[in-house]
Amino acid sequence: MRKHSAITRRRFLGGAALAATALSVGCSHTSVRPANEKLNLGFIGAGGRANENIAALTSENIVALCDVDDNNAAASFKKFPDAKRYRDFRKMLEQEKSLDAVVVSTPDHLHAIAAITAMQHGKHVYCEKPLAHSIYEARKMREIAHRTGLITQMGQQGHAMEGSRRAVEVIRSGAIGQVQELHVWTDRPAAWWPQGIERPTDNPPVPNTLDWDLWLGPAAWRPYSPAYLPFKWRGIYDFGTGAIGDMGVHNLDTAFWALDLGLPASARVVDSSPGTKESPPLWSLLELQFPAGKHHGPLKLHWYDGKKLPPAELFHGEEITANGSLVVGTKGALYTREWHGGQGKRDMFMLLPTKQFIDYQPPAPTLPRTPEHHIEWVRAIKGGPKAESSFAYASVLTEALLVGMLALRTGKPIQWDAHNMRATNCPEADPFIHPHFRTGWEI
């Protein structure tokens, strides 16, 4: 493994200024196929979330499917019998020269190595959310996407929805005035996956349908346990990013995009249930402080997970949904009543207090509209409009949330030096910012 000190942080498009700039940096629109021709696609991860990604892209050629778990991928293998099957994505990328693009639908800890390897082979990449497992990985993904000019997209359905883009336009229009604070919440992980747990002590045999070594990838070696598969890894630090990583990229997105929010200056845990070295708390309350930017003054983000909710008085009598966000301004508030702004005519956001906005007319559209985020990515590859949730944008959103995760993992307030990619007051955070990768899986 290359030592942390041997890699100059200045190589990354980090820094407060550069991170803000990255929000507006788009990939070049290199067309590899005319608009009426199909792309050749490979899928890294063919079960679980990949089922929906594959279904959304059947308009293209499904050339190769890669999964380390034969049982999890069985439905995809059956549906596309002509697609070449792989267990190791590195072999797939080496052998499938005809691939134009790759879709990454693995656990979080494999996102970066899979996406970066694909880009190094010249493939456009769609990667599931959150973009990366660590801040270092997110920056490397952005750097390589920028350098290669490949078309990238993070799996963030709500970003492409009509209601979400309308909500961004409403905030930018000044309808709620100067934004002063943000409240973002999710019901995860309660009833979704375990958290606040200790490492399993059992040592059952690895199923013969699973390649456990490949599933671990860059993560430190540990014995197999069914406690991790196929979905429960999200609450394990070595594999997932907890509630804030899993749902923050959805629930914060509208405000983050509208305000060009950039990176926080600090993060702290306000309260939480007990966590462990293995797993985040079952619920937590965080505060992230953002410095003034082009579209906002200094503001505080209040994060709530595990079914914790913002104060009811902020909602002017409206019911508080299980997931959502509240953007509070000097003239009112924009309340997103789910993890996205809505599709078609059914907006999931509302302006509060409602009586103040009875006759409100939204501004004329300023953002491009798209039928769906997978299709947006495909069209961008074919020379169409850019993919709006490219790695340039998604890496900064992901990093901002992972600064909050640093506070959870260390149990200490974090003063974030974005330029140097370090927590100035908390050296204990260093191995979580830039993790150790197993030999053969270095990034």
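**View 1. Asn40 and Asn61 face each other across paired strands.** In this predicted model, the bridge partner of Asn40 in S2 is Asn61. Strand S1 covers residues 40-44, and strand S2 covers residues 61-66. The two strands pair in the parallel sense. Five bridges link S1 and S2.

**View 2. Six strands make an open, parallel sheet.** The strand order is S3-S2-S1-S4-S5-S6. The pairing is parallel. Strand S3 (84-86) and strand S6 (152-155) stand at the edges. Each has a single partner strand, so one side of S3 and one side of S6 lack a neighbour in the sheet. On average, neighbouring strands of this sheet are turned by 20° against each other, direction ignored. Helix H2 (residues 49-56) lies across S1, S2, strand S4 (101-104) and strand S5 (124-128). H2 runs at about 140° to S5.

**View 3. Helix H5 is largely enclosed.** H5 covers residues 111-120. Nine of its 10 residues are buried, so the rest of the structure largely encloses this helix. Among the buried residues are His111, Ile113, Thr117 and Met119. Ala112, Ala114, Ala115, Ile116 and Ala118 are buried too. Gly122 follows H5, and its phi is positive, near 80°.

**View 4. Helices H5 and H6 pack against each other.** Helix H6 covers residues 135-148. The axes of H5 and H6 come within 10 Å. They cross at roughly 15°. That angle is under 35 degrees, so H5 is roughly parallel to H6. H5 passes H6 in a left-handed crossing. On the H5 side, the contact uses His111, Ala112, Ala115, Ile116 and Met119. On the H6 side, it uses Glu137, Lys140, Met141, Ile144, Ala145 and Thr148. The residues of this contact divide into seven nonpolar, two polar and two charged.

**View 5. Nine strands make an open sheet with mixed pairing.** The order is S13-S12-S11-S7-S10-S9-S8-S14-S15. S13 and strand S15 (422-423) stand at the edges. Each has a single partner strand, so one side of S13 and one side of S15 are left without a neighbour in the sheet.

**View 6. S11 and S12 form a hairpin**. Strand S11 covers residues 324-329. S11 and S12 pair in the antiparallel sense, over four bridges. Three residues lie between the strands. Gly332 sits in the turn, with a positive phi of about 160°. Leu326 stands opposite Tyr335 in S12.

**View 7. Strand S12 is covered on both faces**. S12 covers residues 333-336. Ala333 and Tyr335 are buried on one side. Leu334 and Thr336 are buried on the other. Four bridges join S12 to strand S13 (residues 349-352). These two strands run antiparallel. Thr336 stands opposite Phe349 in S13. Leu334 stands opposite Leu351 in S13.

Technical notes: Residues are numbered from 1 along each chain as its sequence is written. This is a predicted model: local features need pLDDT of at least 70, side-chain atom pairs count only at pLDDT 80 or more; totals for chains, interfaces and linings use all residues. Side-chain values use heavy atoms; hydrogens and water are left out. Buried means under 20% relative accessible area, exposed over 50%, partly exposed in between (1.4 Å probe, protein chains only). Two strands pair if DSSP finds at least two bridges between them. Axes are lines fitted to C-alpha atoms, for helices over the stretch in contact, and angles run from 0 to 180 degrees between N-to-C directions. Contact means heavy atoms within 4.5 Å. Angles under 35 degrees count as roughly parallel, over 145 as roughly antiparallel, 65 to 115 as roughly perpendicular and the rest as oblique. A crossing is left-handed if the near helix is turned anticlockwise from the far one by less than a right angle, and right-handed if clockwise. Ala, Val, Leu, Ile, Met, Phe, Trp, Tyr, Cys and Pro count as nonpolar, Asp, Glu, Lys and Arg as charged, and the others, Gly among them, as polar.
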